[in-house]
Amino acid sequence: MVIPSAADGAANLVESLKDLVMSTGFAHSMDEGLPFPFANYVMLLVAFILFYLAIARGFEPLLLVPIAFGVMLANIPGAYAELNKVPTEVGDYSQPGGLFYYLSMGVNYVIYPPLIFLAIGAMTDFGPMIANPKSIIMGAGAQLGIFVTLFFGYMIFSTSYFGEGVHLAASVAIIGGADGPTAIYVTTTLQQMDYLPAISIAAYSYMALIPAIQPPIMKLLTTKKERCIRMKQMRNVSKREKIIFPIIVVVLCGLFLPSSLPLLGMLMLGNLLKESGVTGRLAETASNGLCNVVTILLGTCVGFKATAGVFLQPITLIIIVLGLAAFAFGTAGGVLIAKFMNLFLKDKINPLIGSAGVSAVPMAARVSQKVGQQYVPDNYLLMHAMGPNVAGVIGSAVAAGILISFFPV
């Protein structure tokens with residue numbers, strides 16, 4: 001038996017300590033693939049800012065907290081490789097993959113966004129839209145931001161500098177639908193995964209900032225007289241109408257635009273579970289337990305994809321700017337279509353409710369109510385605004401189907 005000398009023991013100890021140091025996050029701060037040294041720490045700062053907006057300022061905490069946590073996990077130096085490890089075969093044994101290798105399958109294979117739509121449907125009342133079908137036109141008008149941004153995005157991304165094209169433009173344009181799951185769905189389906197973190201974070205961040213983004217645009221495009229318009233009370237919608245509605249929507253959209261059904265079909269399934277009156281337990285599960293679980297997984301996985309090497313690129317700034325433009329044009333489109341409709345209507349529409357045509361439910365409707373009450377304190381626009389608001393949810397899903405059909409990969 002060979003007894004190791006003291007020198008050998010000291011050498012082994014030094015080697016072990018060296019391996020320990022090299023396994024720490026500090027040793028990975030200068031890894032190749034980063035846009036600049038210590039870029040990970042810049043992304044950690046981004047995560048901390050998102051935590052602040054969500055926790056201290058209350059901006060969409062149910063979404064931003066999981067996203068920020070995912071960003072933090074992905075950008076702790078050395079952590080991404082461990083958490084996203086690919087499973088391998090080692091001799092007769094299988095080495096399992098990292099946690100997020102498996103969890104991210106729900107994003108990569110477009111599973112989480114339709115499940116979110118199932119939950120949204122179970123929480124949504126389409127009654128205000130059915131009671132006032134004109135709100136469908138306002139919801140459609142609010143999709144203007146998607147198609148305006150699609151044009152400008154294509155002009156920018158098709159240049160030789162970026163070398164991208166219509167698929168990236170479509171993925172960025174869908175931010176104007178004010179619907180994070182829809183943005184993730186379109187981006188993933190069009191295979192723009194490198195830009196998913198920037199697009200999804202922009203979409204969710206602007207959804208959270210709707211109370212700051214929309215009011216200036218609404219006031220700019222309306223007169224004080226228009227903002228003071230009172231609307232008649234809506235009729236009551238029967239149970240039968242609410243049950244028939246999701247079935248008709250699925251059949252019609254399925255016949256004319258099958259590519260919209262993964263989102264729209266799940267939305268209407270959730271709504272039918274709610275309105276049928278015989279599947280209360282399923283509706284409760286979809287709107288609570290399922291919604292909460294999928295929101296955690298989707299948000300964390302999306303944030304986890306925002307590594308420094310992917311996120312800290314010049315194109316990210318372009319995506320953020322175009323996303324803001326999409327929101328602005330979407331808000332303007334809803335307001336302007338309401339003003340246009342008033343040219344032909346005896347009972348005038350308060351154009352403030354047109355801004356709720358973006359599908360951020362119910363926040364956009366609450367903004368319409370709040371701005372209206374600044375001029376007439378007892379003018380209650382919330383239920384009227386919910387019509388174009390829920391129409392916008394359908395509109396964003398239809399717009400997603402159009403983009404996917406027009407620009408197949």
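The protein chain folds into 22 helices and 2 strands, where helices (H or I, at least four residues) and strands (E, at least two) are DSSP runs numbered from the N terminus. You are looking at a predicted model, in which local features need pLDDT of at least 70 and side-chain atom pairs count only at pLDDT 80 or more, while totals for chains, interfaces and linings use all residues. Residues are numbered from 1 along each chain as its sequence is written, and side-chain values use heavy atoms, leaving out hydrogens and water.

Let's begin with the whole chain. Of its 409 residues, 50% are buried; buried means under 20% relative accessible area, exposed over 50%, and partly exposed in between (1.4 Å probe, protein chains only). Take the contacts (heavy atoms within 4.5 Å) between residues at least 6 apart in sequence: 75% of them join residues at least 24 apart.

Now find helix H22, residues 382-406. Its 25 residues reach 35 Å from first C-alpha to last, close to the expected 36 Å, a span worked out as 1.5 Å times one less than the number of residues. Because 19 of those 25 residues are buried, H22 is largely enclosed by the rest of the structure.

Next, visit Leu34, in the loop between helix H1 (6-22) and helix H2 (39-56). Leu34 has a relative accessible area of 21%, so it is partly exposed. Leu34 and Val310 are 276 residues apart in sequence, yet their C-alpha atoms are 8.7 Å apart in space.

Finally, look at two cysteines. Cys301 is buried, at 0% relative accessibility, whereas Cys228, at 25%, is partly exposed. A search of the whole structure for disulfides finds 0, a disulfide being a pair of cysteine sulfur atoms within 2.5 Å.
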